[in-house]
Amino acid sequence: MIWAAGIDIGGTQVKAVAVTDAGEVRQRAMRATRDGEAGAAEWIAGARGLLADFSSAEGNAPAAIGVGAPGLVASDARSIAHLPGKLAGLVGLDWTAALDRTTIVPVLNDAQAALLGEAWIGAARDRRHVVMVTLGTGVGGAVLNDGRLLRGAIGRAGHLGHMSLDPSGPASITGMPGAIEVWMGDCTVAARTGGRFSTTAELVAAHRAGDAAASAIWLRSVRALACAIGSWINLFDPEVVVIGGGIALAGDALFVPLARELDAIEWRPGGHRVPIVAAALGEWAGAIGAARHALTFHDSH
């Protein structure tokens with residue numbers, strides 16, 4: 001049996017999966033880590049330990065290993081080349097060397113990896129034109145165009161959270177004024193609510209409870225997201241838009257008003273409506289996508 005390992009690097013956890021080439025997730029596990037100077041050593045140790053456990057359980061070594069991580073990937077696909085302000089030690093970390101592999105361990109941006117996972121065995125299975133947005137502390141994203149990840153010249157393509165909706169608004173971490181991340185990310189909830197709430201979950205709970213002020217703030221953010229999604233539909237013409245990340249757990253409080261807003265603004269030639277669906281793979285999407293990328297990487301290089 002051919003199987004691959006996918007590893008998803010985060011600030012507090014390393015997640016890993018063992019997946020067959022047919023898309024069967026046979027094992028999944030995670031280990032806690034720390035973001036900081038000890039991060040690189042802990043990520044490597046955690047990944048090695050998980051790989052050893054998987055290989056022992058499967059009775060053989062993985063045919064391929066892939067890594068998903070935040071940031072822009074180096075041109076040789078062996079490391080993250082650019083990631084300002086967080087996960088110290090990740091930039092320049094060569095995963096092929098770190099894991100003692102003789103073949104390249106390809107590295108992929110974590111949002112792109114999540115999209116590959118969802119397009120392989122998740123909410124966008126068998127679709128070739130997909131936009132995925134992840135709503136969490138920040139807003140991430142990725143685009144699948146005719147079955148291939150849209151990457152651009154240096155890997156910036158698909159950073160949907162940094163599209164401007166308000167040229168006079170506050171800047172996102174990339175310097176983009178009024179970006180959708182500013183409108184919808186968990187990182188700005190305190191600012192958007194005048195300090196009343198520190199998380200989107202608290203804001204949504206107040207909205208559900210009938211708090212008029214909370215509802216006004218939340219629904220304004222949802223309208224901004226709808227405008228962004230409508231713009232992405234016009235830009236990329238996807239078959240489906242997948243929404244993932246912790247904020248997607250708001251469920252109907254998000255998807256019902258979002259659908260209402262899109263009914264008013266989405267361009268629908270011939271009545272064609274793009275489905276907006278929740279991600280299916282949860283926190284494992286990035287690891288699954290990294291495994292998928294590893295299985296196909298050498299065929300495409």
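Strands β2 and β3 pair in the antiparallel sense over seven bridges, where two strands count as paired if DSSP finds at least two bridges between them. This is a predicted model, in which local features need pLDDT of at least 70 and side-chain atom pairs count only at pLDDT 80 or more, while totals for chains, interfaces and linings use all residues. Residues are numbered from 1 along each chain as its sequence is written, and side-chain values use heavy atoms, with hydrogens and water left out. Helices (H or I, at least four residues) and strands (E, at least two) are DSSP runs, numbered from the N terminus.

**The sheet that contains β2 and β3**

- Five strands make up an open sheet with mixed pairing, in the order β3-β2-β1-β4-β7, and its edge strands, each pairing on one side only, are β3 (25-32) and β7 (107-109).
- Neighbouring strands of this sheet are turned by 20° against each other on average, direction ignored.
- Strand β1 (residues 3-9) runs antiparallel to strand β2 (residues 13-20) and is joined to it by seven bridges; Trp3 stands opposite Thr20 in β2.

- Helix α9 (residues 285-297) lies across β1, β2, β3, β4 and β7 and runs at about 130° to β1, with axes taken as lines fitted to C-alpha atoms, for helices over the stretch in contact, and angles running from 0 to 180 degrees between N-to-C directions.
- The helices α3 and α9 pack at an angle of about 80°, with their axes 6 Å apart, which makes α3 roughly perpendicular to α9 (angles under 35 degrees count as roughly parallel, over 145 as roughly antiparallel, 65 to 115 as roughly perpendicular and the rest as oblique).
- Residues making this contact (heavy atoms within 4.5 Å) include Asp110, Ala113, Leu116 and Trp120 of α3, together with Ala285, Ile288, Arg292 and Leu295 of α9.
- By class, the contact of α3 with α9 has nine nonpolar, four polar and three charged residues, where Ala, Val, Leu, Ile, Met, Phe, Trp, Tyr, Cys and Pro count as nonpolar, Asp, Glu, Lys and Arg as charged, and the others, Gly among them, as polar.

- Strand β11 (residues 240-244) pairs with β12 in the parallel sense over three bridges, and the bridge partner of Ile243 in β12 is Ala278.

- In helix α6 (residues 200-208), Thr200, Leu203, Val204, Ala206 and His207 are buried, where buried means under 20% relative accessible area, exposed over 50% and partly exposed in between, for a 1.4 Å probe and protein chains only.
- Seen down the axis of α6, these buried residues fall within an arc of 160°, so they line one face of the helix; the arc is that of the directions from the helix axis to the C-beta atoms.
- On the other side of α6, Ala201 and Arg208 are exposed.
- The cover over the buried residues of α6 includes α4 (180-184), α5 (189-192), α7 (212-236) and α8 (252-265).
- Just after α6, Gly210 takes a positive phi of about 95°.

**Residues in loops**

- Most residues other than glycine have a negative phi.
- Asp126, in the loop between α3 and β8 (130-135), has a positive phi near 70° and is exposed, with a relative accessible area of 68%.
- Asp146, in the loop between β9 (139-145) and β10 (148-149), has a positive phi of about 50° although it is not a glycine, and at 43% relative accessibility it counts as partly exposed.
- Thr188, in the loop between α4 and α5, counts as buried at 14% relative accessibility, and, leaving aside its neighbours within four places in sequence, Thr188 is in contact with Glu181 and Val182.
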